[in-house]
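Please have the model open as you read.

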Amino acid sequence: MLRYTLKRLLSLLISLAVASLVIFVVIEVAPGDPASFMLGMNAQPETLAALRSELGLDVPKVQRYFAWVSGMLSGDFGTSYTYRTPVIDMISGRLWVSLPLALYALVLSSLIAFPAGIFAASRRGQAGDISVMGATQLGVAVPNFWFAMILVLVFAINLRWFAAGGFIGWNNGFWVGLHALTLPAIALALPQAAILARVMRSSLLDVLGEDFMRTARAKGLSERQALWRHGLRNALIPVLTIIGLQFSFLLAGSIIIEQVFYLPGLGRLVFQSISARDLIVVESIVMLLVFSVIMVNFLVDLAYAVVDPRLRSRT
Amino acid sequence: MTLLEIKNLSLSIHNIDILDNITLSVGAGEIVAITGESGSGKSMTALAVMQLLPKGVTTTGQIILNDRVLTELDEPDLCNIRGNDIGMVFQEPMSALNPVHTIGQQVTETIRIHDRSVSRQEAKNRAVETLNRVGLPQDQFPLSRFPHELSGGQRQRVVIAMAIALRPRLLIADEPTTALDVTTQGQILNLLKKLAQEGGMGLLMITHDLAVVADMADRIVVMRAGKIVEQGDTNHLLQNMQHPYTKMLFAASGHQVSLPPITPKLPLLEVKGVVREYRLPRTKIFSTPRTFRAVNDVSFSIRRGERVGLVGESGCGKSTLTRAILGLDQVQSGVISVDGAPVFSGGHPNLDVRRKMQVVFQDPFGSFNPRHRVDRLITEPFHLLADPPKGTARTRAIDEALLAVGLTPQDANKYIHEFSGGQRQRIAIARALIIRPDLILFDEAVSALDVSVRAQILDLLAELCEAYNLTYLFISHDLSVVRTITDRVLVMKSGKIVEHGETTSVFENPRHPYTRALIAAAPVLPDLSQAIA
């Protein structure tokens, strides 16, 4: 298990190094000069050159890459071209909204999907299965912003249980913050839960057809006992993969939901920075997202090994 | 004393009859074998006793175990009986165990699920004792082992341990050794026999292997298409078979063919000092990876017109050698040549040689594209030819190949799902014959077939030898088949050819200890020529 963990860790570091290089090259190669964008079409060449040198755009690219990477390692992500504030401050403020929101949505989606998937699989072809599958079909098909609007309409405007939008920060206490994130988290979680429930169901159905499930029944386990003791853990591997993928999406892909609920999250920041050609911010956020994806994959890999002993010895 | 009694059991799934009026019984300490070809309802009978039938099944009749009518019990009562009064062993030891639980967890589960008052420690002690009984002593096979750390035979022992942990009165074994090698099969069969004799446990065994049946069973039940055609004490039944189907089954099982005599000619295939290694995963990050020698310095030759067998247990390197001969893999050292030309040259399979060889695989279902018609399937080897026949020449070649394997030219327009298993294997042979190859490789080509179909295919091969003067290498784990269909035989063990010679002399006077063990372990049908006639 230790060797497995070390191997995964090594591959994590290599992935990060490669990713940073790819991000830098792609963004540097992308057309559009931030300096000329900031000064507009009619800028004087001298002013442009001055700004370029101020932003550090005139040094050789290799040097800029290493400066960027070593900066990131020491927590210095550079300064935003447009806002002239340290990128780290801009990101960390947003991260305190996006990260808890993503986690919250993930927990909710798992809480909905696991029971729904298990319920449907254990009643394959029956009315319960058909209604759960119908609901997930709807969940996959309906866009999350529409869910968001319905939630606002029902719970904020009519019932007045939640605020319709905005986020006042964590300073007023954990539960207050969580309360404010509840509607957006539900809106994000519903479509994800629909996908996850379907994966859970089909994965469990595959496992239920395995020979060892029949062995378990022959030992005298009831259908239910066999499902919980032998089915679930074996069905978990594909589900973990999807959870890993969903987390990465939730972290940055929630831009529309952030817009609907007026949340100062990462998604909005990416959008603003791309339109303003604020390359350094884009680079940093993309790198952060890549880091989180790789980190989540690493955790998913470790979770695989916990679930499946065959992976532990196959190193 | 009767332990299990099945009375007039009929069973249908969605109005399709699966079992028809089955009546049989198993006594304490008795071994009863149900035999028959695939689809005869053997396994369904076993599942009916366990009451683990698929959904949508309707049954009539009674199954009685020690005065309790299983067919009338509710699910919780049945759960108490399964594993406690009836244990079951399945065909596939590789998949019958839960891969994420240790063998200890899986054996103790049987004990604790039926009696919660047994402490964990007590259950463990009993699991240790049970594993010991099935031949898995603690010092070599601790409870903490996972299934993937065990071989097929060892896994089957764990499955048996789970089934007998509570000393059930009845053990059902559904093809318990079909997936195992012959030496392992012998050990598992002895174990099952011993368990039945020692504990007075009834054993209901399901197997298609008549040699195993004749060797093991006190009583034989022969099934066909959901009906029992004949049953009786083994000795009596073997000597006085009444039903034509039983006679046919036993005749087909010991089926012998006579190959046309050959006059050895020039060498066709030459294998010289062949080594094929695989790299194993590194054990440490910077260590040099170790290698596994699947084929270790193998040399032999096949002369034109010769029929050669290659036997050995799983993992001995048969398949690796086959791939190397076909030029699908590059070998690390040594030379394989056909008519003097190497099969693999310059990093590619040598096409000139490749068109001289064809192969027939084990699985008649998996080796065809289901979306192509037969004419397209059997003309696939034409792509090896520089100038493949077209138009009427192509049609003529197809007709000829289909007729040669006992099918009709009209079959060319059908799809593969329209054929039975035996017919599919005929089509596979037609595909191999169509370019008139110099050498055909049969890789376990009759292993997946029922005995009656297997007998027909063996007859077909003998006829084709006469008509086409075939040269082939027949790879199989089934010694009885190799014995009748080859002139010479090679015995392979751990990547090496340990014995090689005329088939009859190798089988009659095996010299290598491994060959002797192999022949001794293979169950043999008693001489039934009187009974069958």
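This is a predicted model: local features need pLDDT of at least 70, side-chain atom pairs count only at pLDDT 80 or more; totals for chains, interfaces and linings use all residues.

**Charged pairs, domains and chains**

In chain B, B:Arg511 and B:Glu499 bring their side chains together in a salt bridge, with N and O 3.8 Å apart. B:Arg511 sits in the loop between helix 17 (503–508) and helix 18 (513–521) of chain B, while B:Glu499 belongs to strand 22 (residues 496–502) of chain B, so this pair ties together parts that are 12 residues apart in sequence.

Side chains of opposite charge can pair when their charged atoms come close. Over all chains, a search of the whole structure turns up 30 salt bridges. One of them, in chain A, joins A:Arg201 and A:Asp129 with an N to O distance of 2.7 Å. Here the link is between distant parts of the chain, 72 residues apart: A:Arg201 is in helix 8 (residues 174–208) of chain A and A:Asp129 is in helix 6 (residues 127–141) of chain A. A:Arg201 counts as buried, with 17% relative accessibility, and A:Asp129 is buried too, at 3%.

Now let's look at how chain A is divided. Its domain assignment gives domain 1 (2–73) and domain 2 (95–313), and the C-alpha centres of these two domains of chain A lie 32 Å apart. Their contact draws on 19 residues from domain 1 of chain A and 21 residues from domain 2 of chain A. Between them the domains bury about 1800 Å², with carbon and sulfur atoms making up 79% of that area. On the side of domain 1 of chain A, the residues that lose the most area to domain 2 of chain A are A:Tyr4, A:Leu16 and A:Ile27, together 32% of what that side buries.

How many salt bridges are counted between domain 1 of chain A and domain 2 of chain A? The count is 1. A:Asp301 and A:Arg8 form a salt bridge, with their closest N and O atoms 3.3 Å apart. Helix 1 (2–29), helix 2 (34–39) and helix 4 (61–73) of chain A each give two or more residues to the side of domain 1 of chain A that touches domain 2 of chain A. Helix 1 of chain A gives the most, with 13 residues.

Turning to the two chains, their contact takes 30 residues from chain B and 24 residues from chain A. About 2500 Å² is buried between chain B and chain A, of which 56% comes from carbon and sulfur atoms. In chain B, B:Phe90, B:Val100 and B:Glu109 lose the most area to chain A.

This interface has 4 salt bridges and 13 residue pairs in polar contact. In one of the salt bridges, A:Lys219 meets B:Glu109 at 2.7 Å, N to O. The pair joins two chains, because A:Lys219 lies in the loop between helix 9 (211–218) and helix 10 (223–252) of chain A and B:Glu109 in helix 3 of chain B. Both A:Lys219 and B:Glu109 are buried. Another salt bridge, 3.3 Å from N to O, pairs A:Arg217 with B:Glu75.

Definitions and conventions:
Residues are numbered from 1 along each chain as its sequence is written. Chains are lettered from A and ligands numbered from 1 in the order in which they are written. Side-chain values use heavy atoms; hydrogens and water are left out. Domain bounds come from an automatic or database domain assignment. Contact means heavy atoms within 4.5 Å. Buried area is the accessible area (1.4 Å probe) that two parts lose on being put together, summed over both. Helices (H or I, at least four residues) and strands (E, at least two) are DSSP runs, numbered from the N terminus. A polar contact is a pair of N or O atoms within 3.5 Å; within protein, one must be able to donate a hydrogen and the other to accept it, and residues adjacent in sequence count only if both atoms are side-chain atoms. Buried means under 20% relative accessible area, exposed over 50%, partly exposed in between (1.4 Å probe, protein chains only).
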